[in-house]
Amino acid sequence: MRQINHFINGQITPPSERQAPVFNPALGEQTAEVSLAPASTVEEAISVAKTAFDSWSRVTPLNRSRILFKFKMLLDERIDELARVISAEHGKVFEDAKGEIIRGVEVVEFACGIPHLLKGEITEQVGSDVDAYSVNQPLGVVAGISPFNFPAMVPMWMWPVAIACGNTFVMKPSEKDPSASLLIAEWLKECGLPDGVFNVINGDKEAVDVLLTHPDIQAVSFVGSTPIAEYIYSTASKHCKRVQALGGAKNHMIVMPDADVDSAVNALMGAAYGSAGERCMAISVAVAVGDIADELVEKLAAKTRELKIGNGENLGLDMGPLVTKEHLAKVKGYVDTGVSEGATLVVDGRDLTIDGCENGYFMGGCLFDNVTTGMTIYQEEIFGPVLCVVRVPDYATAAKMINDHEYGNGTSIFTRSGAVARKFTHDIQVGMVGVNVPIPVPMAFHAFGGWKRSLFGSNHVHGPEGVRFYTKRKAVTVRWPEGDIGAEFVMPTMK
Ligand code: NAD
């Protein structure tokens, strides 16, 4: 059995006492054991990162960015190797795993511009012979905690910007698919990143709780489910840390009566069933406005039945398995609930066996029609290959539904009307919005983040907002007097 440990101070550590199994979800077989760090191991990683901060924060931004440049080149060469590791532990299809790596590399490319991004501001002569300037300085040791569904991309939303700014990092990936972060740690070392700057701790709540409370952790970036995001935000904030905690989602796509139905159907297929629906930006609700609904459902049903599903390591597939046996059971349970609550199950993917992968955690795409807002399958995040169609009479009802939902991660509209699209983008209470674009994930040089219960904290991830999150601003006021400046006992004002 392969053993997966931690990466501290440039070295793989010996195993911890507590272990968790890691599976290949397509085969339904355990392939490795991952060490679950006790508090002492996390404390060691934090201490090493604190020591490394002294020298790393003094490395010039240009030299920090040169290491990231090398890493980007190396990732371009080794993308297939990393994608295979992701596919084997997560289950997503190989090409989709490559896609997530590319979206992660884009953040590395953004972070390579750190010498420009870190520049402060200066005002000459704020008072007589007095100048003022501001600089952006790193925070110290910062932590990242990531979910299972993007084992490479989500950590890369965090650490490239953090270390480019001069911080040192402790990464806690999901214990379900931990190998990608360890491979990245080794490759960063190969590119010249000094030991202790990027450390990987594997573990569960015990390890996370140390990161949330330890006095030497200055900031925490978290991505995962909403209940845990809320816990992370409240606990780490109580311990006076900066926190950005991104949570779950229920993303709607409005299809207006004037939309091109075939484009809307194709967009929905990829956005609902890609990565088996295990994406925080997956579209899980299609809101059909007016008389487009029948044609939309008929065309979606035909394509859902044709989904190509199998072991993600093979090429030419649309969808792989779900991540674990427990998650598969949970998603199927939601489908059962939808049926019992009265929604119409147009395509039932609950029973699916793949030849050669009989023990894998597979299910086919499911399509529900006539879903209403009171149903559990409408209200809760399912995080599986299940698309719900809600029929509404008009745009206003569709928009109100989205605004009333507790989540506000992503949404989109398919329409030919500029006026409706303008109203939608302006009024809708969601953080990331698409027009005739199903999954509006912002590029690395913009920021990613939802609203409402999809994000706790004030900063979105990456882009200029990421730089702000990982730096603190210092304002300096300077005078070089030629004579005695005298004492002032009243509140100083600039003369
Ligand atoms: P999760 O919340 O179960 O786990 C996320 C991380 O938190 C993991 O590293 C896990 O080890 C840790 N964790 C789990 N329980 C904990 C606890 N009680 N205390 C402390 N730490 C704990 O999420 P998941 O199942 O890995 O990922 C799926 C979820 O992530 C979905 O809800 C999805 O929408 C969300 N997600 C959100 C975004 C976003 O950008 N908003 C992106 C990706 C995934």
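**View 1. The buried residues of helix α9.** In this predicted model, α9 buries Ala264, Val265, Ala267, Leu268, Met269, Ala271, Ala272 and Tyr273 (buried: 20 or more other C-beta atoms within 10 Å of a residue's own, with C-beta atoms placed from the backbone). Helices are DSSP runs of H or I with at least four residues, and strands are E runs of at least two, numbered from the N terminus. The buried α9 residues pack against β13 (251–255), β14 (283–289), α10 (293–305), β17 (386–392) and β19 (410–414). Here, contact is a pair of C-beta atoms, placed from the backbone, within 7 Å.

**View 2. The span and end of α9.** Helix α9 covers residues 261–273, and its 13 residues should span 18 Å at 1.5 Å a residue, which agrees with end C-alpha atoms 18 Å apart. The expected span is 1.5 Å times one less than the number of residues. Just after α9, Ser275 takes a positive phi of about 55°.

**View 3. The largest nonpolar core.** This core has 160 residues, and Leu211, Val220, Val255, Leu268 and Ala286 have the most contacts inside it. A nonpolar core joins buried Ala, Val, Leu, Ile, Met, Phe, Trp, Tyr and Cys residues through C-beta atoms within 7 Å. Helix α5 (residues 153–164) gives the most to this core, with 10 residues. Leaving aside neighbours within four places in sequence, Val255 is in contact with residues including Ala264, Ala286, Ile292 and Phe414.

**Notes.** Residues are numbered from 1 along each chain as its sequence is written. In this predicted model, local features need pLDDT of at least 70 and side-chain atom pairs count only at pLDDT 80 or more, while totals for chains, interfaces and linings use all residues.

Terms used:
A residue is buried if 20 or more other C-beta atoms lie within 10 Å of its own, exposed if 12 or fewer, and partly exposed in between; C-beta atoms are placed from the backbone. Two residues are in contact if their C-beta atoms, placed from the backbone, lie within 7 Å.
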